[in-house]
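Please keep the sequence and the 3D view at hand while reading.

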Amino acid sequence: QVQLVESGGGLVQAGGSLRLSCAASGSIASINAMGWYRQAPGNWREKVATITSDGHTNYADSVKGRFTISRNNAKNTVYLQMNSLKPEDTAVYYCNVEVVSPRRDEYNYWGQGTQVTVSS
């Protein structure tokens, strides 16, 4: 079993910053890709940013230059630094982690979601 605990969401004014964290714990041998996704009311869940085990990153066009994804492999934690936030960034943000178990099986896990609200 693997648990993901997200933190860092909240209410911020447009132009402000927030930092999200997602820590994985449990039966983990290693972690492959980690990422952040978001879902606004009435919309599909969309990818925000991903990072591979060796640090390669990929961003949605809408957040390039404003958001930065990073990870701490020793802590099994992924971060999302969000700067210059806009009202359209308002959504529930979910982390996603690809875990390799001690038996070398691969599993995909989602965090519980954290609300980010940007006021204009």
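Which residue in S8 does Leu18 stand opposite? The residue facing Leu18 is Met82. The structure is a predicted model, in which local features need pLDDT of at least 70 and side-chain atom pairs count only at pLDDT 80 or more, while totals for chains, interfaces and linings use all residues. Residues are numbered from 1 along each chain as its sequence is written, and side-chain values use heavy atoms, with hydrogens and water left out.

## The sheet

Strands are DSSP runs of E with at least two residues, numbered from the N terminus. Two strands pair if DSSP finds at least two bridges between them. An open sheet is formed by 4 strands, arranged in the order S1-S3-S8-S7 with antiparallel pairing. At its edges are strand S1 (2-7) and strand S7 (67-72), each of which pairs on one side only. From one strand to the next, the twist averages 15°, with axes taken as lines fitted to C-alpha atoms and angles running from 0 to 180 degrees between N-to-C directions. Strand S3 (residues 18-26) and strand S8 (residues 77-82) run antiparallel and are joined by 6 bridges.

Glu6 belongs to strand S1. Glu6 is buried but has no salt bridge, and the nearest side chain of opposite charge, that of Arg45, is 7.8 Å away. Here buried means under 20% relative accessible area, exposed over 50%, and partly exposed in between (1.4 Å probe, protein chains only). For charge, Lys and Arg count as positive and Asp and Glu as negative, whereas His and the chain ends are not counted. A salt bridge is a side-chain nitrogen of Lys or Arg within 4 Å of a carboxyl oxygen of Asp or Glu.

The side chain of Glu6 does reach backbone atoms: the nitrogen of Gly113 at 3.2 Å, and the nitrogen of Thr114, which lies 3.3 Å from a polar atom of that side chain. Gln112 sits in the loop between strand S10 (106-110) and strand S11 (114-119). The side chain of Gln112 reaches the backbone oxygen of Glu6 at 3.4 Å. Gln112 and Leu4 are 108 residues apart in sequence, yet their C-alpha atoms are 7.5 Å apart in space.

## Gln13

Gln13 lies in strand S2 (residues 10-13) and counts as exposed, at 59% relative accessibility. Between Gln13 and Val2 there are 34 Å in space, C-alpha to C-alpha, for a separation of 11 residues in sequence. Apart from neighbours within four places in sequence, Gln13 is in contact (heavy atoms within 4.5 Å) with Val118 and Ser119.

## Salt bridges

The whole structure holds 4 salt bridges; the table gives some of them.

| Pair | N to O distance |
|---|---|
| Glu46 and Arg38 | 2.7 Å |
| Asp61 and Lys64 | 3.1 Å |
| Asp89 and Arg66 | 2.7 Å |

Salt bridges that share partners join Arg38, Glu46, Arg66 and Asp89 into one network. Within this group, Arg38 is buried at 6% relative accessibility, while Glu46 is partly exposed at 38%. Asp61 is exposed, with a relative accessible area of 65%.

Methods:
A polar contact is a pair of N or O atoms within 3.5 Å; within protein, one must be able to donate a hydrogen and the other to accept it, and residues adjacent in sequence count only if both atoms are side-chain atoms.
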